Amino acid sequence: MKLGFHIAVRFLKSNIGQTILIVMGIAIGVSVQIFIGSLIQGLQKSLIEKTIGDSAHITILPGEDEEEIEEYDALYKKILGADDRIESISFAADYPAFFELDDESKSVLVRGFDLKKADKIYDFSQRMVEGEFPDDPDEVMVGVGLRDEFHLEKGDMITLLTNSGNVDEFVITGFFDLKVASVNKTWVITTLKVSENLFGLDRTLTSIEIQLKEDHVFEADEVSKKLAGIIGRKYKTEDWKGQNEQLLSGLQGQSISSLMIQVFVLVSVVLGIASVLAITVIQKSRQIGILKAMGIRNKAASFIFISEGFLLGILGAIMGIGLGLGLAYSFTKFAVNPDGTPVVALYISNDFILLSGLIAVISSVAAALIPAVRSSRLNPIDIIRNN
Amino acid sequence: MDERALEFQKYFNDENKEQAVSYILRLLHDKTIDIVSLYELILAPSLNHIMCEHEDERICIWKEHIKSGIVRTIVECAYPFVMEERKMRGVKSSITAVILCPPEEYHDIGARMAADFFTLCGCDAIFVGSNTPYHDFHHAISMIHPDIIAISVSDYYNLVATKRMIEEIRSVLTKHCQIIVGGCAFQRNRQTAIKIGADDYVESFADIERIVRSGVTE
Amino acid sequence: MGTIMELKNINKIYGTQIQTQVLYDINLSFEAGSFNSIIGQSGSGKSTLLNIMGTLDRPTTGDVFIKGVNVNEMTDNELADIRNLLIGFVFQFHYLLPEFTAIENVLMPYRIRNQKVTKEVKSKAEEYMELVGLSQVRNNPSSKMSGGQQQRTAIARALINNPSLILADEPTGNLDSDSTENIYELMRDINQKLGTTFIIITHDRRIAEKADRIVEIKDGKINLDLTK
């Protein structure tokens, strides 16, 4: 084994030009794989993030014949222990209202949250551009869209008018930016209590929003079904997947095409290595013949080429990973939006990189099998006789 | 050992050519030795048992050359005595004997001595010499029509060439001819003579005399 | 000392469509410790014979016995072991591995069977390099050595596993006369010191005439088998 490896190293060194060429071939294959993989994954991540990152994965709504969610404490307890894929649960009491300032008015959605819980879903604390969370019974915060439309400032007084005719005045404590224009323009966020008071409710909710743990985002439909079974017919559940079918099929198509590109790159790399190694066997057939005349066993002779494949794979993978990361880095540096953020934020996953490297090594070894078998079958007499 | 041989060995081992040659010639003159005894008892054993204590083989080869030079001179000088002795013996034979060495064989003193023995037996002895090329000899055979061809081989490697030579000679012979062999190459393994296709192996004057006689009766 | 190599009724036919018989009913045996030469014109089948003796080639019919064991009944791995441990090859075109240094080439047959090169073996290799007069250039790449040096390296390589038999095919085929003489002396020395059997194909009479035995092959048959 050790000798086979040693001979392989010498063989590779003796044809250094050829070795570099193969390693480059593998490296380019690996780097393309890593780059495309990271790009597509990054693209999908950011798309999904934009779609669902700041919204609920599963929403529990009142059932067909119900108006509102009542007795939500008991329900909360039920949901809490229902599935360990659940990351956080937030309550919402949402009602439409009219926003009035001076002579102008605008239809808005007043969202009453348990802000501590809602923060886990909407990440308000990161999204606040100015001010702080509303706390007192007469405080609200609005989106930057609304701020810009009405030239609002922190501490401004606004008036909200409900459908049932209730009118109340509120102080603006801050502005948030959830990166979605319609949300920024129409949401008025306050505490559960304020919402209840304003709309004359008594401990009822319009929805319960659930965030899943990051790794289980795509199991939303499953969890949703499970929850529906637990909470019964008084409520209904919706999940983001059901509401974004088109996006999902688009993403799936993208994943498949990305995978196909990767597979074809891999196939061409394997074919490249196999053909070069096949030539190597012919180049080195004299040496193999000599070794066989000296009594090397067939298996050991094959092992030389398996080692070559392995070494080329390792070198190619390392170079390829370096190259791929370099490519990804320069892509994020040079392909940027006017504000300096990358057009597509790449998703660099250690697991994916390791997997790409591993696949390169395994396929290099696999590509070396053909030459290995050929060298095992090589008869020393053909070399000795033909010189 | 013969007294005369011991005396000769003394000069021979000292590479004293002058003394060695004059000693032998004196013996021949005084008729204290005949040709056959000279060759068989003195010269041949001396040549066959050249001692060399020197470590360097190249010096040994060089000494061997000097010593064979001494023997060669003696054999050449002995020719008048050979003729004289044949006259005294009074035997006459119609046999023509050709004596030669195979290609690449340069040790011809044995062949030279054998030629003298054939002369003593009354034959017409033709000494061709060392390193006889195959093809030249083919033509000679058709001219000479020998009754006996004697091939002397010293180096056993030359037996390979001798075998080929014998095959080729046989292929051009038109009349009956005995092919006989002799020399150091056969010393350890006389069977080889038959192996390489010779009719007989000779190692002494008696052997040659026997063959010539049987040739006469035929 | 007994017989080390015995060939019984060896026939070798090449080709399937047009058959050419190269060897005809060869029967030969070699004594252990002897120094033998095989001569014959090119195309006479002598190299084929040597390759069959070395288990590199298989006879079409007939049996090869090495130390009394029939080669026909051995597996590929057993044959590899025989070639590694029992036989040392020296070819006309020396066949060193150009990727390795001289001494690495010498150690190669040992490394084929052993994981680690021990100090003893290393010093033995150096001793053999000394024996063949190459201790000065032992660390040179084998491709950078002269023909004579490469051939002497090949001889040292053939010796490293202390084989009982050395098969040499024109070991001095492309060497000048001084190198030829040196290589002959070397082989003879090894033959006498270690009792290694030598079977040497040669065109060179300087080697053949000094062998204990000369076997002449002609047209695939033994034409002459001479013992000194």
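How many residues of chain C are in contact with chain A, and how many residues of chain A do they meet? In this predicted model, 21 residues of chain C are in contact with 17 residues of chain A. Two helices of chain C, α2 (76-85) and α3 (102-113), each bring at least two residues to the side that touches chain A. Of these, α2(C) gives the largest share, 6 residues. Sort that side of chain C by class and you get 11 nonpolar, 4 polar and 6 charged residues.

Now let's turn to the sheet in chain C. Here 6 strands make an open sheet with mixed pairing, and if you walk across it you pass β6-β7-β8-β3-β9-β10. At the edges sit β6 (87-90) and β10 (221-227) of chain C, each pairing on one side only. Leaving direction aside, neighbouring strands are turned by 15° against each other on average.

Strands of a sheet pair through backbone hydrogen bonds, and they can do so either parallel or antiparallel. In chain C, β6 and β7 (residues 165-169) run parallel, joined by 4 bridges.

Another is α1 (residues 46-53) of chain C, touching β3 (35-39), β7, β8 (197-201) and β9 (213-218) of chain C. The direction of α1 makes about 150° with that of β8(C).

Technical notes: Residues are numbered from 1 along each chain as its sequence is written. Chains are lettered from A and ligands numbered from 1 in the order in which they are written. This is a predicted model: local features need pLDDT of at least 70, side-chain atom pairs count only at pLDDT 80 or more; totals for chains, interfaces and linings use all residues. Two residues are in contact if their C-beta atoms, placed from the backbone, lie within 7 Å. Ala, Val, Leu, Ile, Met, Phe, Trp, Tyr, Cys and Pro count as nonpolar, Asp, Glu, Lys and Arg as charged, and the others, Gly among them, as polar. Two strands pair if DSSP finds at least two bridges between them. Axes are lines fitted to C-alpha atoms, for helices over the stretch in contact, and angles run from 0 to 180 degrees between N-to-C directions.
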